[in-house]
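Subject: Handing over the model, with notes on its salt bridges

Hi,

Here is the structure I promised to pass on to you. Please have a look at it first, and then read my notes on what I found.

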Amino acid sequence: MDLSNTGPGGGEAGHGADAAAAGQCPVAHGAPAPQAAIPATELPGSKTHAVFQLLNYWTRPQSFIEKARKQHGPRFQVSIRLPPRAVYVLTDPEDIKAAFTAPADVLHTGNGSATIEKYTGQSGLAWLDEDAHRIRRKLMMPSYHGPALDRIATAITEMSKEDVATWPRGQAVPLHPHIHRFTLHVIREVIYGGRPPAKWDQLLDLLQEMMRFNNSMASPMLLHKMSPRGVKILRAVKWTGVDRFLKLREQADALVMETIEDHRASNFRGDDLLSVLLSITHEDGSPLTKGEIRDEMMTIFLAGTETTAAAIAWAFVYLSRDKQMLDRLRAEIDRGEDDAYLTAVVNEVLRVRPSIPNIIVREVKKPIVIGGVQYEPGQHLWISAFLMNRDPEVYEDPDAFRPERFLNTKPGMYTWIPFGGGRIRCLGDKIALLEMKAMIREVLTQYELIATDPAPVKARSRIVVNVPADFARIELRDRVREAAMV
């Protein structure tokens, strides 16, 4: 996607733009010389114990992070990991740009996804850095772009029609589970191409059921770093869901391994991800192990579905509560001439509700100064897309859902970051945008959206994403049936 550096709706404000517009010189010629960088450890932050910070973040992710910035400013520290350790939050666009463009050997992401390692293992692309990441990423890219993307786009259109037609009507139900199932179907196309495994339906059910563990308070626990005794104790406490999760994971792993062997035995090699992974070799010429292939597949099964499903669910929450916006979008869809307003709606959803509100943690490997703060090796940086997107210096009236701000305006490269940025930007960004547009288009074509509770919906954590607290509980009514009754 071609992203420009211009901020949406006057978005790059706050850096001399207002002064220039007023005819004043934006450069403060008489300003004092910059002061020496302060150590990151001197950044302000809550003194509350990490356990309580984690609890607050899990139950009230939006208010927790917004309160922290209000109290401490654009740079602060939180402690929401166990064992306790500081994480330094970046919210200013210039700080974020500096982090995204830092040399590959200065900031690493390989240790930043510990929360999801219970699913993904530690050998996939997300855990590689520097040359290893660059090489693996280049090899995997054909599965997400070019002819593969054309094939996936066609499949998305067909799948959206088939899936949406089966959704329940006439009663308010959480739409998120249905959306998540659709995104899993799309990722099946990415991984297996037009050759779905024989036991796909069984694997689909296992994956979706296993990922329901993400709704549990226990889901952020680093099970892979716990002692066998600690895990055994957790498994015995049934309400945590740990025992059921581990059993489901074992079953899902067995089926994934079976699909790898079936694909290998078929000798078919296309542009699907599994074919590409089977062709990758290490420097010594040895192929990826089944475990390494499994890790890459499970990473995309998780990260490629949870994020997009959350964004689509939020889109329906906002659309169901604004009839004027809904009517305007539906009119555009019915005309079928262009998708300018649909694109603006998608961009605004991803601004207000970025699927991953706080981008994968960067671990400092070499000293770096960002925004006048000195970060040292071993410290962790957390880029907050959510806070940056809610900054009135970046977006006018930032809490308002207003797609018009993106009409005839491209999102800014460092002021709209739902897919991350720099070398670690999401490989599947174009696929996610296609999914969002197809799902919104199909639902509005087939149904009316009825919000049974018009009150604003709060967010809740679902492992690394934020979803509507009611999982997008909306009633669908058949448009064709209602038209026939008039």
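Asp-131 and Arg-134 form a salt bridge, with 3.5 Å between their closest N and O atoms; the term stands for a side-chain nitrogen of Lys or Arg within 4 Å of a carboxyl oxygen of Asp or Glu. Both residues belong to helix 6 (residues 130-140), where they sit three residues apart, about one turn of the helix. Helices (H or I, at least four residues) and strands (E, at least two) are DSSP runs, numbered from the N terminus. Arg-134 has a relative accessible area of 49%, so it is partly exposed. On that scale, buried means under 20% relative accessible area, exposed over 50%, and partly exposed in between (1.4 Å probe, protein chains only).

Before you go further, please note that this is a predicted model, in which local features need pLDDT of at least 70 and side-chain atom pairs count only at pLDDT 80 or more, while totals for chains, interfaces and linings use all residues. Residues are numbered from 1 along each chain as its sequence is written, and side-chain values use heavy atoms, with hydrogens and water left out.

A second salt bridge joins Asp-478 to Arg-169, and here the closest N and O atoms are 3.5 Å apart. Asp-478 is in strand 13 (residues 473-478) and Arg-169 is in the loop between helix 7 (146-165) and strand 5 (172-174), so this pair ties together parts that are 309 residues apart in sequence. Is each partner buried or exposed, or something in between? Asp-478 counts as buried, at 17% relative accessibility, whereas Arg-169 is partly exposed at 36%.

Helix 11 (residues 242-266) holds another pair, Arg-264 and Glu-261, three residues apart, about one turn of the helix. The closest N and O atoms of their salt bridge are 3.5 Å apart. Arg-264 is partly exposed at 27% relative accessibility, and Glu-261 is partly exposed too, at 32%.

There is also a network of salt bridges that links Arg-235, Lys-238, Asp-243 and Lys-247.

Finally, a word on confidence. The mean pLDDT (the predictor's confidence in each residue, from 0 to 100) is 89 for the protein, and 91% of its residues reach 70 or more. In residues 1-33 the pLDDT is below 50, and this stretch has 49 contacts beyond near neighbours in sequence, a contact being heavy atoms within 4.5 Å. Residues 481-486 are also below 50, with two such contacts in the model.

Happy exploring!
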